[in-house]
Amino acid sequence: MKALVIDDSRVMRRIVGTILKDVGFEVIEAGDGQEALMRLEQHPDVRLCCIDWNMPVMNGYEFIVAARSKPEYRDITLMMITTEGEQDQIVRALAAGAHEYVIKPFTADVIIDKLDYLGLLDQEVTV
Ligand SMILES: [Mg+2]
């Protein structure tokens with residue numbers, strides 16, 4: 001299964017990407033929402049996006065709105081991973097079409113639990 005990790009921090013992309021690779025995902029990366037939309041065009045088989053909120057050019061919220069406006073992306077699971085823990089921002093992201101919301105700092109277990117809940121874990125992988 002292919003995942004797109006969208007974060008302007010290279011370190012965060014590496015951390016999230018490693019967690020996803022460890023549970024069997026093929027990982028591609030983007031540094032902002034606009035680059036992420038390009039990656040989705042190049043990789044129509046992406047099944048999961050992990051999305052930072054604060055990014056230059058196009059932030060995570062704007063990316064979710066843009067992705068949700070395209071019917072061809074309706075099967076992609078959108079998971080926000082961000083420091084923005086304000087209740088109203090969580091509500092906004094979920095209303096715009098995010099499926100899950102992870103607050104930084106997080107542990108691998110938190111992400112893996114959510115992937116499991118979303119039915120995105122390969123049954124072969126032992127958590
Ligand atoms: Mg950021």
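Analyst: Buried means under 20% relative accessible area, exposed over 50%, partly exposed in between (1.4 Å probe, protein chains only). This is a predicted model: local features need pLDDT of at least 70, side-chain atom pairs count only at pLDDT 80 or more, and totals for chains, interfaces and linings use all residues. Residues are numbered from 1 along each chain as its sequence is written, and side-chain values use heavy atoms, with hydrogens and water left out.

User: What share of the 127 residues counts as buried?
Analyst: The cut-off is under 20% relative accessible area. Of the 127 residues of the chain, the buried share is 50%.

User: Which pattern does the chain follow along the sequence?
Analyst: Helices (H or I, at least four residues) and strands (E, at least two) are DSSP runs, numbered from the N terminus. The chain has five helices and five strands. Read in sequence order, the pattern is β-α-β-α-β-α-β-α-β-α.

User: Which residues coordinate the magnesium ion?
Analyst: Donors are N, O and S atoms within 2.8 Å of the metal (3.2 Å for Na, K and Ca); water is not among the atoms, so sites may look incomplete. The donors sit at 2.0 to 2.2 Å from the magnesium ion. Their spacing along the chain is D-x43-D-x1-N. They are D8 (OD), D52 (OD) and N54 (O).

User: Where in the chain do D8 and N54 lie?
Analyst: The pair links distant parts of the chain, 46 residues apart. D8 is in the loop between β1 (2-6) and α1 (10-22), and N54 is in the loop between β3 (46-51) and α3 (60-68).
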